[in-house]
Amino acid sequence: MTDGLIRCPWPGVKDQIYIDYHDTEWGVPEWDARALWEKLVLDGFQAGLSWITILKKREAFREAFDGFDPEKVARYGDEDRARLMANAGIVRSNAKIDMAINGARLWLDMRERGEDFSAFLWDFVDGAPVQNEWTGFGDVPVKTPQAEAMAKALKAKGFKFTGPVIVYAFMQAVGMVNDHLTTCFRHEECRHLSHGQKA
């Protein structure tokens, strides 16, 4: 990059889509229940792959899954499963497709029982982003006690592909933790974001 900004090292310098994601999305607190579910599903699809692979396919995923509308995805049947497995624009995995459909049904079940998906998740960090102070990339953990607790609770509800490592990556991405390095220009910007604000 030639813009002079100091970033976390993980986006690298080759993929502009990855750099833009780091600069505008990663670590920004997300409070919308549907958007949180979409990100959790995409992180599930990432299992065994790199996030850049999913990021490049994200728009294809959104089109294939009706904008990740839980009410629509929950009604998917065998024809939809076959349609998704034939879609070369997404990651084709029966187990992961079933994960998404089942997750939509669980999301709706929670809502019908008066349990907000966003509030449920944010409760694991007491409703506010955890502000970390990592100075080196090697200092950043791959999971934390909060991630382990969230993963256990999600599993208990029936969600799949939600182990503690996947869950912690999700928490980082949706701003439940601020894991931008202290040297990164986004660290302070994300620190100042609060409920309802946008980057």
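Leaving aside neighbours within four places in sequence, His 22 is in contact (heavy atoms within 4.5 Å) with Arg 7, Cys 8, Trp 10, Pro 11, His 180, Cys 184, Phe 185 and Arg 186. The model is predicted, so that local features need pLDDT of at least 70 and side-chain atom pairs count only at pLDDT 80 or more, while totals for chains, interfaces and linings use all residues. Residues are numbered from 1 along each chain as its sequence is written, and side-chain values use heavy atoms, with hydrogens and water left out.

**Exercise 1.** Decide whether His 22 is buried or exposed, and find the side chain with which its own side chain makes a polar contact.

*Solution.* Begin with the location: His 22 is found in helix α1, residues 16-24. Next, because its relative accessibility is 0%, His 22 counts as buried (under 20% relative accessible area, with exposed over 50% and partly exposed in between, for a 1.4 Å probe and protein chains only). Finally, the side chain of His 22 makes a polar contact with that of His 180, at 3.3 Å (a pair of N or O atoms within 3.5 Å, one able to donate a hydrogen and the other to accept it).

**Exercise 2.** Describe how helices α2 and α9 pack, and list the residues that make the contact.

*Solution.* Start with the geometry: α2 (residues 33-46) and α9 (residues 164-173) pack at an angle of about 135 degrees, with their axes 10 Å apart. Then list the contact, which is made by Leu 36, Lys 39, Leu 40, Asp 43 and Gly 44 of α2 and by Ile 166, Ala 169, Phe 170 and Ala 173 of α9.

Definitions and conventions
Axes are lines fitted to C-alpha atoms, for helices over the stretch in contact, and angles run from 0 to 180 degrees between N-to-C directions. Helices (H or I, at least four residues) and strands (E, at least two) are DSSP runs, numbered from the N terminus.
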